[in-house]
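Please read the numbered points alongside the display below.

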Amino acid sequence: MNSIFNTAIFLVFGLLIFCTSCTNNRTHSPLPVLGETEIIEKLIDGKTKYDTIPHTIPDFAFVNQDSQWVTPESFENKIYVADFFFTSCPTICPKMKAQLLRIYEIFHTNPEVSLLSHSIDPRHDTVAVLKKYAERLGVKAPAWHFVTGHKTDIYAIAREYMATAEEDERAPGGFIHSGSFLLIDKHKRIRGNYDGTDAKKVDELIQDMKILLDEE
Amino acid sequence: MKSNPLKMNPSWFLVPLIVLLVFVIFRMIGQGNRSPGKALYSEYCANCHMENGQGLGRVIPPLAGADYLKSNQKNLPCIILNGLRGEIEVNGETYDEPMAGIADLTAGQITNIINYISTSWGNDLPRLNLAEVKAAIEACNP
């Protein structure tokens, strides 16, 4: 009798512990911080201390479809999704835009969310071209910025976002770029990297955006 | 009752086995007939017009239920081969993003793609045959 009682108690506790830890990963664990961390030296009270700071998106200045400057200030108190594309892209870009449209439809009335699409072909994708493109997709800034700027600046910032973007005359359209969507939090940290051509990955991104909005 | 399986009349299971094989082979052939157009569409067209033929906003026109297909069937071979520039109207919307042609498709492949598009997503357009597509390609303006 005693052993049966003990087993029963053990099972009940076990079940309780199991059930409370048995939740959807995406609703509980905090999102990771991606990118290489930097270690900086500090002198405090004559002693050298080391601090680890996470990778953050550095300063940038681009122009959007409404001829407005877009800088980190444009995303103050916002989370945003960044990607790299070009309007004449014959391969992955339409799928990426279709997926971003899904995100736009869900979040465009939320002032704490924005989308930032960088053109990697600034020579062709002028402000006027981007304006027309955005209009034809039926979207508006600041919920969705389409930006252009100096090619070197855009390619440099792509590296900071851990996205690939390069000219390559052998590639269809003349550019190689990854279909990544990068999720950026309110502190300019990369919290997720998703394949923007995969609807299932974008489902995960949408879940993660909701988690991030709940953070702090 | 015990029966020795090795002494059973083989035609007991051979006949249904052959029937099954024939059935499977015919099904595979049937699928093979259908899949070239779909496979070609996925490879060459779906990037822009999407797997479900919906297109993208007012940037890329739909193919599903597109009135343009009906009134331009004869032009489709040239459009697929050489692309399309200039403004067109599809289901009441205007589109003017240039479409890239795919110059290395054969007439047979183009026929398969057109017939796939014409009979998918609710589209019910007459199919083209190889001779018609070849003739259209001969007459294309480059």
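1. A contact, as the word is used in this note, means heavy atoms within 4.5 Å. With neighbours up to four places away in sequence left out, Gln99(A) touches Phe181(A), Gly196(A), Ala199(A) and Val202(A). The model is a predicted one.

2. Gln99(A) belongs to helix 3 of chain A, which covers residues 93-107. Is Gln99(A) buried or exposed? Its relative accessible area is 11%, and buried means under 20%, so Gln99(A) counts as buried.

3. The largest nonpolar core contains 59 residues. Within this core, Phe60(A), Ile103(A) and Tyr161(A) have the most contacts. Leaving aside residues up to four places away in sequence, Phe60(A) touches Val70(A), Thr71(A), Pro72(A), Phe75(A), Tyr80(A), Leu116(A), Ile157(A) and Tyr161(A). Another core lies apart from the largest one and has 26 residues, including Leu76(B), Ile79(B), Ile88(B) and Val133(B).

4. Chain B has six helices and four strands. Read from the N terminus, its elements follow the order α-α-α-α-β-β-β-β-α-α. Chain B has 142 residues, of which 35% are buried. Of the contacts in chain B between residues at least 6 apart in sequence, 53% link residues at least 24 apart.

5. The next matter is the interface. The size of an interface is often given as the accessible area lost when the parts come together. Here chain B and chain A bury about 1,100 Å² between them, with 55% of that area on carbon and sulfur atoms. In chain B, the residues that lose the most area to chain A are Asn47(B), Leu56(B) and Arg58(B), which together account for 45% of what that side buries. The contact involves 13 residues of chain B and twelve residues of chain A.

6. Which side chains meet in a salt bridge between the two chains? They are those of Asp96(B) and Lys132(A), at 2.9 Å from N to O. The count of salt bridges between chain B and chain A is one. Polar contacts between chain B and chain A number three residue pairs, both residues being at pLDDT 80 or more.

7. On the side of chain B that touches chain A, helix 2 (46-49) and strand 3 (93-95) each supply at least two residues. Helix 2 of chain B gives the most to this side, with three residues. By class, the side of chain B that touches chain A comprises seven nonpolar, three polar and three charged residues.

Conventions
Residues are numbered from 1 along each chain as its sequence is written. Chains are lettered from A and ligands numbered from 1 in the order in which they are written. This is a predicted model: local features need pLDDT of at least 70, side-chain atom pairs count only at pLDDT 80 or more; totals for chains, interfaces and linings use all residues. Side-chain values use heavy atoms; hydrogens and water are left out. Buried area is the accessible area (1.4 Å probe) that two parts lose on being put together, summed over both. A salt bridge is a side-chain nitrogen of Lys or Arg within 4 Å of a carboxyl oxygen of Asp or Glu. A polar contact is a pair of N or O atoms within 3.5 Å; within protein, one must be able to donate a hydrogen and the other to accept it, and residues adjacent in sequence count only if both atoms are side-chain atoms. Ala, Val, Leu, Ile, Met, Phe, Trp, Tyr, Cys and Pro count as nonpolar, Asp, Glu, Lys and Arg as charged, and the others, Gly among them, as polar. A nonpolar core is a set of buried Ala, Val, Leu, Ile, Met, Phe, Trp, Tyr and Cys residues joined through side-chain atoms within 4.5 Å. Buried means under 20% relative accessible area, exposed over 50%, partly exposed in between (1.4 Å probe, protein chains only).
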